[in-house]
Amino acid sequence: MISQVTDSALLLGGASLAGSALGFIFRRIPHRLNDIFLGYCAGMMLAAAIVCLAIPAVEQVGHSGLWQVALGIAAGAIVISMLDMVTPHLHNLTGLDVEEHHNNASLNRVLLFVIAIALHKLPEGMATGVAFDGTSLDNAESLSFSIALQNIPEGLVIITPLLMAGISWPRAMTVAAIVAGLEMAGVYIGYWVGSLSQAMLPALMGMASGAMIYVISDEMIPETHSHGYQKAATYALIAGFITLFFIE
């Protein structure tokens with residue numbers, strides 16, 4: 001199993017770096033294209049959170065243990081919500097979102113940006129790692145693919161604002177490598193935590209699902225609906241949701 005976990009970590013980290021590399025080439029991409037692609041990724045991740053994490057967790061515990069999964073989902077959403085209270089939304093830092101977190105206004109903007117990305121990417125990796133402790137390897141691989149696909153536009157988001165802020169190319173790429181490394185580490189951490197106790201696994205899978213659903217609703221969907229292309233983004237989300245079933 002550890003070889004599959006390593007493959008997943010490399011896939012997620014490689015996709016993030018690939019997106020960052022594209023950021024050096026395409027400083028800006030049309031909002032319509034960005035919203036459609038991000039909507040498609042959101043649909044895949046939403047399906048993965050349900051099909052690859054929540055449903056398998058429910059199947060493990062049965063009807064009598066549904067409360068474990070429900071608490072896990074709520075806990076995952078709460079954890080990411082608490083992170084959002086101390087770090088800014090990524091799209092706000094790129095100038096695309098109007099939301100601000102004033103309690104961190106005194107921190108260096110670039111440093112804050114890096115911290116925000118790190119705290120968002122680590123749980124993504126952990127969610128993937130936890131899935132490898134479940135009953136279906138196919139579920140874990142589908143989840144890995146959906147998150148890896150989403151990492152490409154996020155890689156663009158990592159590089160573009162750094163370059164616009166005057167950060168040199170080598171330093172910007174170093175940041176991109178650190179972020180990719182954190183997500184890869186998250187995969188191993190998630191797998192290790194999930195392997196400690198099979199009894200806790202359904203709750204952990206629910207927690208991973210809740211964290212992903214929160215990010216989709218709080219970050220991805222608002223971003224795709226903020227530039228006037230919400231219809232196209234919605235259709236793309238539905239297409240992404242359906243795609244996951246074929247991958248599964």
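A residue counts as buried when its relative accessible area is under 20%. The legends below describe close-up views of a predicted model.

**View A. The aromatic pair of F24 and W169.** The structure holds two aromatic pairs. In the pair formed by F24 and W169, the ring centres are 4.8 Å apart and the planes make an angle of 45°, a tilted arrangement. F24 belongs to helix 1 and W169 to helix 7, so the pair ties together parts that are 145 residues apart in sequence. F24 counts as buried because its relative accessibility is 14%, whereas W169, at 47%, counts as partly exposed.

**View B. The aromatic pair of F241 and F245.** The ring centres of F241 and F245 lie 5.4 Å apart with their planes at 55°, so this pair is tilted. Both residues are in helix 9 (residues 230–247), where a spacing of four residues separates them by about one helical turn. F241 is partly exposed, with a relative accessible area of 25%; F245 is also partly exposed, at 43%.

View C. S16 is placed in helix 1, which spans residues 2–25. Its relative accessible area is 0%, and S16 is therefore buried. Beyond residues up to four places away in sequence, S16 touches N151, G155, I158 and A180.

**View D. The second largest pocket.** Helices 3, 5, 7 and 8 each give two or more residues to the lining, and the largest share, five residues, comes from helix 5. The lining comprises 13 nonpolar residues, two polar and no charged.

Terms used. Residues are numbered from 1 along each chain as its sequence is written. This is a predicted model: local features need pLDDT of at least 70, side-chain atom pairs count only at pLDDT 80 or more; totals for chains, interfaces and linings use all residues. Side-chain values use heavy atoms; hydrogens and water are left out. Buried means under 20% relative accessible area, exposed over 50%, partly exposed in between (1.4 Å probe, protein chains only). Contact means heavy atoms within 4.5 Å. Ala, Val, Leu, Ile, Met, Phe, Trp, Tyr, Cys and Pro count as nonpolar, Asp, Glu, Lys and Arg as charged, and the others, Gly among them, as polar. Rings of Phe, Tyr and Trp (its six-membered ring) pair if their centres lie within 6.5 Å; planes under 30 degrees apart count as stacked, over 60 as edge-to-face and the rest as tilted.
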